[in-house]
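Dear colleague,

I am passing on the structure we spoke about, and my notes on it follow below. Please read them with the model open beside you.

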Amino acid sequence: MRFGEPGAMTGKLAGWLALVGSLAALNYAGRFTQGKPPPDTLYRYGTAVSGVIFYVITLAIVLWIARGIPRWELGLRRPESWRRTIGLLVAVLIALLIAEVFLESILHATREQGLEPPRWEPDRAVPFALNAAVVVLAAPLVEELTFRGLGFVLLARWGSLLALLGTSVAFAAAHGLVNGFPALFLFGAAVAFLRLRSGSLYPGMLLHASFNALALIVAFAK
């Protein structure tokens with residue numbers, strides 16, 4: 001059975017739904033039973049190690065589900081015009097930052113997530129740098145391939161709107177936040193819109209990485 005045949009597509013969709021459903025269930029269960037992580041989470045070597053392990057396993061599962069799907073359908077191709085795409089990326093990023101600041105003032109999702117360091121600790125710069133690399137490099141690569149890559153392709157059979165909304169809901173749920181769900185959904189929709197307009201996954205990865213980097217910078221600028 002080849003990719004594109006109904007049975008193959010249904011099996012891949014079931015696999016993807018099982019993956020994102022498991023991520024959501026585990027993260028919500030952890031949130032409700034364990035609460036917020038310690039305030040110095042990003043200063044711990046263990047956080048970086050567990051993050052790398054998590055993303056490696058997730059990436060392996062995504063690639064296994066996606067086997068047989070052409071790279072270009074997953075969005076692993078250059079956009080037709082980087083100049084136009086970069087302009088769109090900057091516009092989406094600015095709009096997203098404004099919207100996220102507004103939502104944060106109402107819902108306090110950052111406080112709920114609990115990853116924002118209380119202060120800068122120079123003597124723990126190395127573990128923080130490792131965690132920052134996971135947040136800025138590993139997370140955007142794996143999450144974009146999971147949601148706006150594989151998920152988008154599998155849901156696009158029923159239209160681009162369902163692909164955009166469905167991957168945004170899955171992305172938000174997979175993070176296991178309650179107050180942060182609207183902001184995560186909005187972020188997912190913004191990146192999915194960029195994926196739809198550019199036809200490429202790379203601009204979304206760049207936007208995701210830029211957003212995460214700015215979030216870390218702002219955390220210490222307060």
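Is Arg-124 buried, partly exposed or exposed? Arg-124 is partly exposed, with a relative accessible area of 22%, where buried means under 20% relative accessible area, exposed over 50%, and partly exposed in between (1.4 Å probe, protein chains only).

Before going on, please note that this is a predicted model, in which local features need pLDDT of at least 70 and side-chain atom pairs count only at pLDDT 80 or more, while totals for chains, interfaces and linings use all residues. Residues are numbered from 1 along each chain as its sequence is written, and side-chain values use heavy atoms, with hydrogens and water left out.

**Salt bridges**

Side chains of opposite charge can pair when their charged atoms come close. With a salt bridge taken as a side-chain nitrogen of Lys or Arg within 4 Å of a carboxyl oxygen of Asp or Glu, the count comes to five. One of them joins Arg-124 to Asp-40, at 3.2 Å from N to O. This pair links distant parts of the chain, since Arg-124 lies in the loop between α4 (109–113) and α5 (125–155) and Asp-40 in the loop between α1 (6–34) and α2 (45–65), 84 residues apart; helices here are DSSP runs (H or I, at least four residues), numbered from the N terminus. Asp-40, at a relative accessible area of 18%, is buried.

Another salt bridge is formed by Arg-119 and Glu-121, whose closest N and O atoms are 3.8 Å apart; Arg-119 counts as exposed at 53% relative accessibility, whereas Glu-121 is buried at 13%. A further one brings together Glu-144 and Arg-148, at 2.6 Å from N to O. Because these two residues are four apart in helix α5, about one helical turn separates them. Salt bridges that share partners join Asp-40, Arg-44, Arg-119, Glu-121 and Arg-124 into one network.

**Aromatic rings**

The structure holds nine aromatic pairs, where rings of Phe, Tyr and Trp (its six-membered ring) pair if their centres lie within 6.5 Å, and planes under 30 degrees apart count as stacked, over 60 as edge-to-face and the rest as tilted. Tyr-43 and Trp-120 make a tilted pair, with 6.4 Å between centres and 50° between planes. Tyr-43 is in the loop between α1 and α2 and Trp-120 in the loop between α4 and α5, 77 residues apart. Tyr-43 counts as buried at 2% relative accessibility, while Trp-120 is partly exposed at 42%. Trp-120 also pairs with Phe-128, and because their planes stand at 85°, with centres 5.5 Å apart, this pair is edge-to-face. Elsewhere, ring pairs link Trp-16, Phe-147, Phe-171, Phe-187 and Phe-211 into a cluster.

**Helix α7**

Phe-187 is among the buried residues of α7, which also include Leu-184, Val-191 and Leu-194. Just after α7, Gly-199 takes a positive phi of about 75°.
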